[in-house]
Amino acid sequence: MTIFLGSAADPTFRYTVSALRQRGVEGEIADLGHLVLAGDLHLPLDGTTGSLDLAGRCHELAPPLVARLIDISAAAPDRELAQRARAVQCSLANYLAALPWNQVVGGIQDNSNFSKAYQLSLARGRSWSIPRTCLTNDPDQAARFAAARSVIYKGASSAKTWAREFRPEDTARLPLLRHAPVLFQEQITGYDVRVHVVGDRVFGEAVRAASCDYRTDRAAAFAPVSVPEPIAADCVRLTRAMRLVFSGVDFKVSDAGEWFFLEANSAPCFQGYDRRLGGAISDALADYLLDSTDAAGNVTSMLSRVPSSAGGTRSPR
Amino acid sequence: MLALIGHDGDPVCDALLRAADRAGLRAARVRDPAAWKVTVQLDGDGRGRVDLRAPDGTPVTCAVNRSLPPQPGLGPGEYNDLLATWWAALALLPGRVVNRPSPQGFIPSPRLPGAYLTTRPRPCGTAVVANVHDAHTGRFLYRADGEHPSAQAPVLRVTPFDPGRAWRLMLAGDQAVELHTPADGLTQRDRAAGQADIRTFKAAGLGLALIVLSRAGDGVMRTVAVNPLPSLPHYQDYEERVHSALMGWLAG
């Protein structure tokens with residue numbers, strides 16, 4: 001029995017639960033909002049099993065677990081509930097971090113994605129390239145960086161922002177940096193690729209769009225793409241280094257075919273990619289979870305038992 | 001320059017500013033992080049270069065990170081961008097940093113198996129007490145000796161331990177200052193266990209931290225609590241020694 005831990009208000013969580021149930025992954029849902037409003041928790045940090053009490057029903061939080069611990073505090077009607085939401089989310093994250101990482105899909109043991117520039121520095125030394133980047137609140141530094149090359153800019157944190165081209169007229173806005181820093185990056189001309197990693201399987205999708213940020217382009221064209229073996233292997237290694245089972249890694253591939261790492265998402269919104277791939281990512285997640293328990297319901301080593309199946313490249317370790 | 005990053009009313013930052021002055025180390029409080037110039041550049045192979053400067057242009061060479069002060073004038077998104085920028089800058093700063101950010105968090109938070117998180121704390125056993133912290137903020141709330149008072153935070157982090165068997169240390173740079181030894185003394189094995197844990201905590205980015213070890217039922221000394229944001233009362237009788245050791249390390 002799997003526990004699905006997340007918010008019913010989160011479309012990705014709803015999609016995940018639905019997709020996994022359709023594929024035979026049995027489980028109970030523990031809703032974060034419900035837990036904040038009317039639940040109790042008892043979570044040891046020694047790797048032993050904790051529990052949640054929801055409306056008088058006790059849920060043992062034993063692996064395997066599927067979690068999406070999004071911040072729901074912004075939707076809380078008052079300050080007290082917002083504090084409780086943050087405390088519950090943080091406590092569950094700490095509990096999950098104490099469990100074996102490969103038995104939690106969606107555990108967050110690595111928050112490096114919060115600081116994109118820092119994560120880029122951690123991703124160096126692999127088969128991909130890193131785009132030249134300048135994160136700054138200094139207008140002079142930004143102006144110097146932008147003068148030397150074509151540049152895009154975006155938010156420094158994991159909060160959702162759109163990437164935009166830096167144009168000459170934006171120079172007049174650089175003094176605004178004093179209020180909040182911005183991440184400037186060399187512009188890579190080419191197409192985007194999102195690589196989803198599930199265990200040691202990778203699923204690539206290329207996105208060709210006219211705009212700088214394909215998420216803003218309704219005419220963007222999506223197509224499955226074969227991820228070069230060294231890149232695929234490094235995606236798996238990076239995901240494992242982040243102590244994740246499931247990740248979404250973003251690349252820009254230049255016109256010359258060079259792969260540039262942009263960021264790795266520890267809680268990817270994968271449903272659109274999954275639908276276009278005919279459910280291959282969900283299949284892999286279900287395989288991973290179903291293969292994680294033996295006939296007696298005991299959790300076994302997951303990563304060593306993920307079977308190969310159509311729809312994903314299996315990467316060598 | 002030493003950057004002392006912490007909330008406006010943080011007495012530890014104030015005391016460290018005085019200690020830096022005594023040690024002849026130029027230092028400044030970071031009360032308004034948006035006013036400091038922060039630049040992190042990554043070259044084509046991902047190598048990071050940090051340029052962190054005080055509002056007067058003085059370059060920062062080392063830092064004490066006791067959390068980024070809130071910025072009431074910024075919205076949540078802008079504050080996140082500021083935090084993400086300081087996170088990268090302090091993680092990649094070539095000089096010494098107390099509480100260097102890591103992939104796990106802006107403030108290092110070593111995992112300790114002895115505690116549990118709960119919304120409904122259970123009564124302590126008769127042999128031990130429990131230190132109770134706010135699970136989200138890490139703020140110390142009370143020490144429970146038997147029953148717990150009504151909840152003072154949404155989720156509590158409860159750490160049961162036997163105070164008579166506790167060994168309290170202050171990590172100050174590369175030194176560990178002993179604050180309290182257990183009533184039954186310390187063996188060589190205890191000290192070796194303590195040193196091993198301290199090495200782990202230093203590698204995790206800690207530089208000024210209260211560390212509490214306690215002999216468990218099996219006789220082995222284990223760390224039961226680490227506070228990366230200690231307050232002055234935690235080491236009031238050793239303040240000068242701790243701060244002097246820390247300044248020596250930061251300047252080194």
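How many helices and strands are there in chain B? Chain B holds 4 helices and 14 strands, helices (H or I, at least four residues) and strands (E, at least two) being DSSP runs numbered from the N terminus. The structure is a predicted model, in which local features need pLDDT of at least 70 and side-chain atom pairs count only at pLDDT 80 or more, while totals for chains, interfaces and linings use all residues. Residues are numbered from 1 along each chain as its sequence is written, and chains are lettered from A and ligands numbered from 1 in the order in which they are written.

The C-alpha trace of chain B spans about 55 × 40 × 40 Å along its principal axes. Buried residues make up 42% of the 252, where a residue is buried if 20 or more other C-beta atoms lie within 10 Å of its own, exposed if 12 or fewer, and partly exposed in between, with C-beta atoms placed from the backbone. The domain assignment of chain B gives domain 1 (2-98) and domain 2 (116-228), with bounds that come from an automatic or database domain assignment. The C-alpha centres of these two domains of chain B lie 29 Å apart.

Chain A has 8 helices and 17 strands. For its 317 residues a compact globule would have a radius of gyration near 20 Å, and the 21 Å of chain A agrees with this. Its C-alpha trace spans about 60 × 50 × 35 Å along the principal axes, and 47% of the residues of chain A count as buried.

Strand 6 (residues 65-67) and strand 7 of chain A pair in the parallel sense over 2 bridges, and Leu65(A) has Val104(A) in strand 7 as its bridge partner.

Helix 6 (residues 229-241) of chain A comprises 13 residues and reaches 18 Å from its first C-alpha to its last, close to the expected 18 Å; the expected span is 1.5 Å times one less than the number of residues. Among the buried residues of this helix are Ile231(A), Cys235(A) and Leu238(A). Arg243(A), which follows helix 6, has a positive phi near 55°.

Between the chains, 43 residues of chain B are in contact with 51 residues of chain A, contact requiring that the C-beta atoms of two residues, placed from the backbone, lie within 7 Å. On the side of chain B that touches chain A, the elements giving two or more residues are strand 3 (37-42), helix 2 (76-92) and strand 7 (116-118) of chain B. Helix 2 of chain B provides the largest share, 12 residues. This side of chain B divides into 22 nonpolar, 13 polar and 8 charged residues; Ala, Val, Leu, Ile, Met, Phe, Trp, Tyr, Cys and Pro count as nonpolar, Asp, Glu, Lys and Arg as charged, and the others, Gly among them, as polar. Strand 3 (residues 39-44) of chain A pairs with strand 7 of chain B in the antiparallel sense over 3 bridges, and the bridge partner of Pro44(A) in that strand of chain B is Tyr116(B).

How values were computed. Rg over C-alpha atoms; globule rule 2.2 N^0.38 Å. Pairing = 2+ DSSP bridges.
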